[in-house]
Amino acid sequence: MAELDLTIDTPTAANLAGATREELRATFADAFGLDPKKARMRANQVFRWLYHYGATDFEAMTDIAKEMRSDLSERFAIQRLKMVERQVSKDGTRKYLLELSPGVDVECVFIPDVGRAGALCVSSQVGCTLNCTFCHTGTQALVRNLTAAEIVAQVLAVKDDLEEWPTAGPVDERERRLSNIVFMGMGEPLYNLENVAKAMDVISDGEGISLSRRRITVSTSGVVPQMAPLGDQTSAMLAISLHATNDELRNELVPINRKYPLDALLDACRNYPGVSNARRITFEYVMLKGVNDSDAEARALVRLLKGIPAKINLIPWNPWPGAPYECSPWERIEAFADIVNRAGYASPIRTPRGRDIAAACGQLKSDSVKKRAGDVRREAAV
Ligand code: SAH
Ligand code: SF4
């Protein structure tokens, strides 16, 4: 049988939620001995029910013969991730803690009034291998990469919570609450590119969730060799976590810079597939008091990005317990923004969202820890 990634409680049935078209096709061909044409047709039908209508039950799939529906429910499941916690901020931001498998949790955040309607910030890894000094996620060791299905499953869970599935007919674009996806949750998406790309195929498919690739942004700390493949494989919009304008400081704040310094990073930006004035790269710059927030650095930032179709997001640093930084004072951020604005970059200060529930950029962290092999074996034996 084709490999389906999601772990579920019932070991007898494979979970179809999060599967790609191709996985569905191969799975049905194998499970029911269908010829390629029939398998493709069945996969297309189920795909539409899963991702356009948000079905969680084969019985709802009314254009599939009754007998086939019961065959499907005997062999397969459509199961959502368990929602361990759901918090709603004063500003409407929603943070979810979802269980991927026992003891492995991941966070994602829905932020209303961002992008065209609202943005969902998804995670691509539990924890992170990188150790950016100002980021809370960076203090959590990498537990594992998410599967493509688990990335899609975050979107499904949030669409359930927003009650955003059409009961019938096409989605009315004006009614959408979830219009954008940003890979800015836990982890470094370019260290899990294969699954990120596969998840994007499902999320952007016009017969399903149908979010345009131009509304999907992938943020990277600067994994240079994976940037061109990201553009080639996904046509995603790119965001770069820049945060410093010289190698010495960036080596300290974003340690991956020691491997891929600014010169190489900016070259990869210039060559990012599809980059143009209509498809600009977003540069994120976190404002750290007395560290990277001087007027001279604002001018250096403008010089550095010269010639690259760029947008700049100034992010007031979000605090977390034990962090060795302070956020720059508001007047400092404004003075910095003024310099950037005068150079032709519009409205760059990003208002912190969901700080009261630790849902803002860089505050995400789950309690999952990487289990030692011995623990895993002991648990499996119980
Ligand atoms: N690992 C990827 C994706 C995570 S995106 C990356 O680093 O790009 C999360 C964004 O929030 C990144 O730009 C990150 O640098 C920024 N960030 C991390 N910690 C932060 C904090 N405490 N306050 C504000 N922004 C933060
Ligand atoms: Fe990882 Fe991004 Fe946080 Fe750096 S900023 S530690 S790359 S999640």
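The shell of residues around ligand 2 comprises four nonpolar, three polar and no charged residues, where Ala, Val, Leu, Ile, Met, Phe, Trp, Tyr, Cys and Pro count as nonpolar, Asp, Glu, Lys and Arg as charged, and the others, Gly among them, as polar. The shell is made up of Cys-128, Leu-130, Cys-132, Cys-135, Gly-138, Gly-187 and Ser-221, a residue being near a molecule if one of its heavy atoms lies within 4 Å of it. The structure is a predicted model, in which local features need pLDDT of at least 70 and side-chain atom pairs count only at pLDDT 80 or more, whereas totals for chains, interfaces and linings use all residues. Residues are numbered from 1 along each chain as its sequence is written, chains are lettered from A and ligands numbered from 1 in the order in which they are written, and side-chain values use heavy atoms, with hydrogens and water left out.

Around ligand 1 there are 22 residues, of which Gly-187, Ser-219, Ser-241, His-243 and Asn-318 come nearest. Polar contacts (pairs of N or O atoms within 3.5 Å; within protein, one must be able to donate a hydrogen and the other to accept it, and residues adjacent in sequence count only if both atoms are side-chain atoms) were examined for this ligand. A polar backbone atom of Gly-187 lies 2.9 Å from a nitrogen atom of ligand 1, and an N or O atom in the side chain of Trp-317 is 3.0 Å from a nitrogen atom of the ligand. An oxygen atom of ligand 1 is 2.6 Å from a polar side-chain atom of Ser-241. Gly-187 also belongs to the surroundings of ligand 2.

The protein contains eleven helices and 13 strands, taken as DSSP runs numbered from the N terminus (helices H or I, at least four residues; strands E, at least two). Of its 382 residues, 54% are buried; buried means under 20% relative accessible area, exposed over 50%, and partly exposed in between (1.4 Å probe, protein chains only). Contacts are defined by heavy atoms within 4.5 Å. Among contacts between residues at least 6 apart in sequence, 65% join residues at least 24 apart.

Helix H9 (residues 295-304) has Glu-297, Ala-298, Ala-300, Leu-301 and Val-302 as its buried residues. These pack against helix H7 (247-253), strand S12 (281-287), strand S13 (310-316) and helix H10 (330-342). Thr-282 is placed in strand S12 and is buried, at 12% relative accessibility. Apart from neighbours within four places in sequence, Thr-282 is in contact with Leu-238, Ala-239, Ile-240, Lys-311 and Asn-313.

Two further helical residues were examined for pairings across the sequence. Ala-148 lies in helix H4 (residues 148-161) and is buried at 2% relative accessibility. Arg-48, in helix H2 (residues 36-51), is partly exposed at 31% relative accessibility. Arg-48 and Gly-208 are 160 residues apart along the chain, with their C-alpha atoms separated by 5.5 Å. Not counting residues up to four places away in sequence, Arg-48 touches Tyr-53 and Glu-207.

A pair of aromatic rings is described by the distance of the centres and the angle of the planes. Rings of Phe, Tyr and Trp (its six-membered ring) pair if their centres lie within 6.5 Å, and planes under 30 degrees apart count as stacked, over 60 as edge-to-face and the rest as tilted. The whole structure holds seven aromatic pairs. One of them, between Phe-28 and Phe-32, is tilted, at 6.2 Å centre to centre and 35 degrees between the planes. The two residues are separated by about one helical turn, because Phe-28 and Phe-32 are four residues apart in helix H1 (residues 21-32). Phe-28 is buried at 0% relative accessibility, whereas Phe-32 is partly exposed at 22%. Ring pairs join Phe-28, Phe-32 and Phe-76 into a cluster.

Charged groups also sit over rings (NZ of Lys or CZ of Arg within 6 Å of the ring centre and within 35 degrees of the ring normal). The charged end of Arg-21 is 4.3 Å from the centre of the Phe-47 ring, over which it sits. The charged end of Lys-159 sits over the ring of Trp-165, 4.9 Å from its centre.

Most residues other than glycine have a negative phi. His-243, not a glycine, has a positive phi of about 70 degrees; His-243 is in the loop between strand S11 (237-241) and H7 and is buried at 4% relative accessible area. Asp-113, also not a glycine, has a positive phi of about 60 degrees. Asp-113 is in the loop between strand S5 (104-112) and strand S6 (118-121) and is exposed, at 66% relative accessibility.
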